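Hello,

Here is the structure we talked about passing on. Please have a look, then read my notes below.

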Amino acid sequence: MEIYLYVALFAPLVGSLFAALFGASPRTKIAGIVPSLLLGVSFIASSVLLKHIVSGGDIVHVEMMTWMATGDLYIPFGFVVDQISVTMMMVVTLVSTIVHVYAIGYMDHDKGFNRFFSYLSAFVFSMMILVMSDNFAGLFIGWEGVGLCSWLLIGFWYHKESATWAANEAFIMNRIADLGMLIGIFLVFWNTGTLQYDGAFAAMQNLDQETLTWIGIFLFIGAMGKSAQFPLHTWLADAMEGPTPVSALIHAATMVTAGVYLVVRSNELYALIPHVGLFIASLGAFVAIFAASMALVNRDIKRVIAYSTLSQLGYMFAAAGLGAYWVALFHLMAHAFFKALLFLGAGNVMHAMNSELDPFKMGGLGKTMKVSMIMMTLASVALAGIFPLAGFFSKDLILEVAFVDHHFIIYTVLLLTAGLTAFYSFRIIALIFHGEDRHTALGFHPHEAYKFMLVAMSPLLILAIIAGFTMKMPYFEMVTQLLPATEYHVHSATTYWIMTIGTQLFVILAIFFAYRKYMSKDIRVPDGTSRMENNFFYKLLINQYYIPHFYEEYLVKPYRELSTIFFKQIDQKIVDATVDGIANVLLATGESTRVVQSGNLSTMLKWMVAGMVALLSLAVVFGLAVKYLDEIQAILSGLGV
Amino acid sequence: MLDNILSILIFFPALAGVLGFMIHKDSMRAYGVAVATIEFGLALWLWYAFDNTVAGMQFIEQVALIPTFGINYIIGVDGISLFIIVLAAFFTLIGIASLTDTKNVKNMIITLLMLQMTMVGVFVALDAIIFYIFWELSLVPMLYIIGAWGGPLRIYASVKFFLYTFAGSLVMLVGMLFMAYFYYQATGVWSFAILDWYRLILPENFQLWLFAAFFVGFAIKVPMFPFHTWLPYAHGQAPTIGSVILAAILLKMGTYAFIRFSLPLFPDAATFFMFPIAILAIIMIVYTAMVAYAQEDVKQVVAYSSVSHMGVIILGTFALNVEGITGSIFLMIAHGVVSGALFLLVGVIYDRRHTKMMSEFGGLAHVMPRYATIFGLMMMASVGMPLTINFVGEFLSLLGFYQQSHILTLLAGIAIIVGAIYMLAAYKKMFFGELTNEKNRNLPDVSKRELVALIPLSIITIWLGIYPKPILDPINNSVESIVQLMHDKSTSEEAKKRIPNLAREAGLVTSQEAH
Amino acid sequence: MMEIGLNHYLVLSTILFAIGLIGVMKRRNLLLLFFATEILLNSVNIAFAAISHYYGDLTGQMFAFFVIAIAASEVAVGLGLLIVWHKRHSNIDLDTMSTMKG
């Protein structure tokens with residue numbers, strides 16, 4: 001089985017290097033096709049491993065070579081394929097294969113075509129390291145690796161100021177969280193003596209609560225950065241500057257879920273510290289509704305989907321925090337399918353509209369882009385959690401978890417969010433595909449995407465529809481060999497049915513409301529004059545609660561100014577001036593005393609005599625002092641010295 | 001020949017440099033490259049012949065100079081110094097090979113060869129006086145390089161560099177003389193041999209004073225905050241080759257000396273001063289990183305980033321455990337490679353545009369994609385991306401210090417954030433955006449000669465990031481012996497507690513196994 | 001009649017030394033400066049000879065001869081320089097000799 005592991009892991013790297021070979025040459029299809037094929041190979045290898053694991057095979061664990069070893073520290077490049085990582089591997093390889101194929105069409109006209117595939121495959125490789133590593137250090141390699149690739153890909157169109165700015169923002173914000181992660185790793189090492197998952201988690205059972213709490217908090221800070229949880233969330237929306245396949249792969253399906261993966265992977269740790277878990281769940285619920293509220297008014301389809309991703313990540317953390325790790329992982333998987341589909345659909349729309357992102361300038365696109373419309377609508381239905389699509393099985397489960405565990409506040413928040421989710425999803429569907437044709441007047445001539453792109457998307461569509469009812473039970477049986485197999489059943493059947501049907505009705509109502517509101521004929525491109533746009537809440541939401549503004553004003557600017565002060569005022573005017581000051585004092589002393597050296601022999605002789613007299617007197621004084629030492633001491637002691 | 005390989009390594013370049021005066025100007029480059037290649041070959045041979053399993057000194061040579069006062073020519077190499085020597089030979093080689101059009105190229109190459117003698121000398125010296133001689137001699141070639149081939153402020157910068165470091169070294173010399181005197185008092189024999197000194201246990205208050213005296217010399221060399229201000233001037237004015245050698249090797253003398261002298265000689269004082277120095281190191285890390293962010297000149301960014309990274313090295317050194325010290329030595333090599341490469345890269349653009357102001361650039365990725373790629377790689381290494389050389393060192397240094405203090409490590413860890421901020425900002429200003437400056441429109445990409453230097457550095461950066469074992473193992477062995485020595489020598493309770501006792505741990509394991 | 005003892009010689013030596021010292025400080029003429037120096041040296045010679053006689057040790061007198069010899073050679077060199085200076089500048093005033101100004 002090892003061979004499949006290595007194939008699954010390294011095929012993307014080979015693909016990346018292959019595409020990199022063409023980095024400097026003009027666009028060539030081969031640079032896109034070969035990495036895609038290699039990813040397909042990786043997917044097949046992962047499937048073989050999945051089959052092996054599902055059929056009850058042993059966990060595949062290999063140690064490739066030593067990475068770092070010094071003192072008591074020993075870190076190998078070790079990889080493990082168990083129930084958790086194989087799930088992640090399947091999600092990663094499947095979605096990335098599809099996105100690669102899709103991108104061959106999407107990036108067709110871009111002159112950075114070869115470079116793009118090199119980065120994208122490198123990302124997949126990093127992600128595979130992240131999920132397959134058997135120790136925290138290896139996880140951190142992947143963690144930083146995906147950060148690097150995310151930086152490269154957000155800033156892919158590096159001539160755009162906004163893109164490079166967003167790339168740097170994402171990288172730096174992730175770095176802040178990575179510091180937390182690093183500290184968490186140090187804590188694990190010094191308290192357990194190892195960074196291997198099995199050894200570390202085993203040793204954690206004997207640690208005191210305080211240490212465990214700190215470990216849990218710091219590791220979670222790392223997770224917060226990668227998964228863009230509040231207050232480190234602003235980068236995710238800005239990251240939409242990258243090409244859409246990147247948004248689909250990195251900022252929806254895989255990288256942003258790394259935080260959830262970390263919490264799920266560390267379930268043995270978080271099971272020991274339920275209070276931290278509760279905090280994670282509360283934060284998750286908060287982020288869910290917080291992000292959903294910002295998605296309500298946004299006028300950029302990619303950003304709306306990004307906020308929706310953020311919101312769904314909140315759901316996953318809520319589940320993971322409450323101890324329902326398998327539920328979190330299941331939602332992660334289902335979400336990856338329909339969210340990637342949604343993004344790719346949005347990519348089609350963008351392509352058709354010459355990169356226009358404002359849904360108010362579209363309308364009626366359903367006529368020309370029927371397939372894309374169907375795909376996006378179904379993805380949105382799945383996202384909204386309507387029976388029997390994937391979202392219903394994963395998302396409703398999270399609501400049940402919160403309800404069964406008697407966390408009713410979290411439950412209410414998540415329920416409300418479900419309604420909001422349905423509303424904003426169908427708001428953009430309605431604005432893009434239905435209603436009046438507003439784009440022709442603006443000079444757009446949309447067209448449907450290439451056929452092979454649509455074909456490439458179809459597996460995602462199928463999975464978004466069937467993942468729930470076909471995969472839930474086999475999945476449950478598989479992962480619960482490793483994760484706590486808590487089943488969440490509402491005790492009374494009546495309550496269960498009321499809850500389920502109630503939720504469904506609530507969501508459907510929200511969808512109808514969205515359609516009614518945004519299919520009407522009087523939708524205009526907003527110009528800042530309508531009453532709603534001057535509403536306080538609208539302003540608050542469209543400005544993302546003024547948080548980016550706050551960061552810019554109160555963190556970025558002061559940092560920049562402080563840096564300048566440090567350089568101009570402190571470094572140059574104090575530290576360096578002191579050094580130069582000492583040198584100048586010496587120089588000035590020399591300058592002022594050199595007049596003594598007048599060159600006049602007579603004067604110099606006088607100085608000589610004076611010096612001699614001074615030395616002689618000193619000699620006499622010291623001689624006397626030594627001679628009368630006892631008397632002097634007696635006098636001094638008499639004076640009380 | 002292997003018995004005298006260290007002496008050959010020291011004096012071969014010097015001799016070749018003297019002979020270089022007779023070489024014709026046109027063939028000087030070839031001569032320089034040939035000499036540096038032989039030297040590098042010798043250094044590699046040394047590495048090959050080096051026994052990784054031995055923790056102590058190897059290839060020791062001893063010649064009596066002034067036996068009455070115990071001043072002897074003693075040299076030797078262990079895992080701590082070995083790789084810095086190889087690195088010095090390597091950088092001299094690529095420095096000469098990639099030397100761009102310089103006036104007086106003959107004198108430059110001779111100066112570089114002389115510099116190489118002093119660099120190797122410092123790292124192999126096992127006698128304090130020999131160490132001191134090479135330490136001071138190394139200032140002279142660098143003074144010439146900055147003063148003769150530097151920018152407009154070169155005289156100011158070179159004199160400042162010379163006097164500042166020289167003043168510090170004098171205090172260090174006084175410390176050495178006192179140390180020898182104490183040794184004489186204790187044993188009745190004069191000795192300046194470091195290995196003899198290692199055996200001397202001093203009372204704590206003596207240690208504190210001597211530590212302080214040595215500290216002044218080393219701290220200025222490193223340079224530690226607030227003694228760092230000579231460095232930006234020196235880097236700002238020095239020619240590319242000068243900056244490369246300065247950053248890659250010369251700065252490492254200070255941190256190396258901390259490990260060679262301060263820690264094993266004064267373990268109690270090292271423990272006593274651990275927290276103050278750690279705080280200085282943190283100020284170095286964060287403060288200079290912020291200063292780097294405020295720079296408009298890309299070379300100054302790299303210069304200040306050097307200071308910031310040296311802070312992490314100091315922190316690792318004063319972790320006083322195997323992980324931290326090993327990490328700091330590894331980071332010395334890593335920082336040598338990465339900052340050397342970054343200075344070379346800055347030199348590439350300076351040769352083309354004769355300016356280093358970032359506002360003059362922008363959008364360079366459009367015209368110089370290969371340059372942008374290599375710069376990006378080195379930038380990511382500098383930022384501490386895993387699987388690059390810097391990460392291993394930084395990770396181990398911080399990990400080591402975490403055992404001593406949690407909160408200080410958390411503060412020092414800010415390095416990974418602020419480091420990313422100034423580096424990414426500089427990269428964005430230089431390479432991203434539209435190409436606005438017409439002068440940049442037709443810049444040629446990196447040339448073959450520049451690639452000669454940059455490609456090997458890129459390979460090392462990644463290779464040692466993925467597989468640091470060949471270097472980490474010998475370092476680890478030597479560091480373990482030093483840490484054990486420190487533990488055994490220390491007298492105070494605090495020091496015994498802070499410095500791990502490896503022998504006991506090993507003993508425990510064996511006794512457990514016995515059960 | 002009073003016996004002339006060591007003290008008298010030492011007093012004489014001191015007086016001569018003081019005269020010489022004042023001469024060294026006050027004189028502006030190079031030639032007179034040489035005279036003053038000679039007086040200084042001779043005052044020391046007297047002290048050497050007297051103390052040597054007092055202790056019955058000839059080392060002091062030997063030193064006095066050394067001093068005389070060295071004073072002679074010094075004057076020889078000095079006068080030579082003085083003549084050269086006088087030829088060039090036609091004066092030997094100390095105040096004009098300040099080429100060693102720092």
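**Helix packing in chain B**

H14(B) and H20(B) run roughly antiparallel to each other, because their packing angle of about 165° is over the 145 cut-off. Bear in mind that this is a predicted model. H14 of chain B covers residues 298-317, and H20 of chain B covers residues 415-431. Their axes lie 11 Å apart. The crossing is left-handed. On H14(B), the contact is made by B:Val298, B:Val301, B:Ser305, B:Ser308 and B:Val312. H20(B) answers with B:Ala415, B:Gly419, B:Tyr422, B:Ala426 and B:Met430. By class, this contact has seven nonpolar residues, three polar and no charged ones.

**Where the chains meet**

Chain B puts 43 residues into its contact with chain A, and chain A puts in 38. H20(B) turns up again here: six residues of the chain B side come from it, the largest share. Other elements that give two or more residues to that side include H13 (274-293), H15 (322-353) and H22 (469-489) of chain B. The chain B side divides into 29 nonpolar, nine polar and five charged residues.

**The core**

The largest nonpolar core has 432 residues. Those with the most contacts inside it are A:Ala318, A:Ala340, A:Leu341, A:Leu414 and A:Ala464. Helix H15 of chain A (residues 325-352) gives the most to this core, with 20 residues. Leaving aside neighbours within four places in sequence, A:Leu414 is in contact with A:Ala285, A:Ala288, A:Tyr315, A:Ala318, A:Ile398, A:Leu399 and A:Ala402.

Best wishes

Conventions: Residues numbered from 1 in each chain as written. Chains lettered and ligands numbered in written order. Predicted model: local features only at pLDDT ≥ 70, side-chain atom pairs only at ≥ 80, totals over all residues. Axes fitted to C-alpha atoms, helices over the stretch in contact; angles between N-to-C directions. Helix = DSSP H or I, 4+ residues; strand = E, 2+ residues; numbered from the N terminus. Parallel < 35°, antiparallel > 145°, perpendicular 65-115°, else oblique. Left-handed = near helix turned anticlockwise from the far one by under 90°. Contact = placed C-beta atoms within 7 Å. Nonpolar A, V, L, I, M, F, W, Y, C, P; charged D, E, K, R; others polar. Core = buried A, V, L, I, M, F, W, Y, C linked by C-beta atoms within 7 Å. Buried ≥ 20, exposed ≤ 12 C-beta atoms within 10 Å, placed from the backbone.
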